[in-house]
Amino acid sequence: MNETILFLEPNFNKYEMEIRYEMERIGHDVISIKSYENRNFFFKIISRIQWLNTLIVNLLIQKKIRKIKRQVDHVFMIRGVYYNSTTLDSLKKQWPNAEFVLYLWDSLKKSNYRINIKKYFDRIYSFDQKDCNKFNFLYLPMYYNPQFEVNEENKTIKYDLIFIGSEKRDRYFVLKKIQEDARRNNLSINIFLRFSYLGFFRKKVFGGKKYRMIKRNDFQFRNISLDEVVQKYQSSRCIIDIENDLQSGLTPRTYEVIALGKKIITTNSDIKNTSFYNKNNVLVIDRKNPKIEPEFINSTKVMYDKKDLYSLEKWLKEIFNHE
């Protein structure tokens, strides 16, 4: 049954756009309220003053809520760490009969919720199995976007290894170690480590002794489209995944690799607990002492079974067709 969904969007690498388009494609009527989280330079600056950021963001969101006069079947929020109790109370008051669903694609250890989120939602899903076990959430892994459903593999391989992602916590240093090990083994590697100019400056000046040696040329200061990510992944043998060390859930990169039928090298040992784990396709490395095995790079890969289970369409149907 096609239903009306109020989608409280996150702001993350345009993933929210893909989710909205897919909800509409499968027949839902979607009303979106865009997040102000890191939306522009102003909000990036005030995010450093948490109380002010929360106040301004919630006043703007509440203004948008009051303008919506239609009834909705579901209120669907992703992450939502900046929403306060006043905003959530407004949502519950305006749509008392709607089903409220929250999806957490960050671990609670990484997030800073200042309210009891459980009392506002009928169901809470998380990508992190440990959080599900601890807080009685429903476990639902991440997904891959439709762009990664490529029928034919690019035959022109340029790199043995590739990493595409943002600089977070220790990723720069882990990648440096991987890069050194790859060179020792005569393996080609392409690293696209995205960073903001402000973030680079803060790390360089205030990050302590170990960050003073970081170089501007080690980073990319631009966004990358999903189409470009797909092209780069297709031209590589193996995709590197370095998860945030504050969480254990598998990143979207994991499922993108499955969709493309590529091998993955990851620091996340939880991947061994999945149904698709196969040592021919997945190499788990130690983030403190990463070692790349040339034999793994060159060995024959095995096809992933039932990869459509991790599609965005399947993910959305699991959320809204829950019984």
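**Close-up 1. Pairing of strands E1 and E3.** Strand E1 (residues 4–8) and strand E3 (residues 74–78) run parallel and are joined by four bridges; strands are DSSP runs (E, at least two residues), as helices are (H or I, at least four), numbered from the N terminus. Phe7 lies opposite Phe76 of E3. The model is predicted: local features need pLDDT of at least 70 and side-chain atom pairs pLDDT 80 or more, whereas totals for chains, interfaces and linings use all residues. Residues are numbered from 1 along each chain as its sequence is written, and side-chain values use heavy atoms, without hydrogens and water.

Close-up 2. Six strands, in the order E2-E1-E3-E4-E5-E6, form an open sheet with parallel pairing, where two strands pair if DSSP finds at least two bridges between them. Strands E2 (29–33) and E6 (138–139) are the edges, each pairing on one side only. Helix H1 (residues 15–25) packs on the sheet and touches E1, E2 and E3, its direction making about 180 degrees with that of E1. Contact means heavy atoms within 4.5 Å; axes are lines fitted to C-alpha atoms, for helices over the stretch in contact, and angles run from 0 to 180 degrees between N-to-C directions.

**Close-up 3. Packing of H1 against H11.** The axes of H1 and helix H11 (residues 312–320) lie 10 Å apart at an angle of about 70 degrees. H1 is therefore roughly perpendicular to H11, a term covering 65 to 115 degrees. Glu18, Ile19, Glu22, Met23 and Arg25 of H1 meet Leu312, Glu313, Trp315, Leu316 and Phe320 of H11.

Notes:
Parallel < 35°, antiparallel > 145°, perpendicular 65-115°, else oblique.
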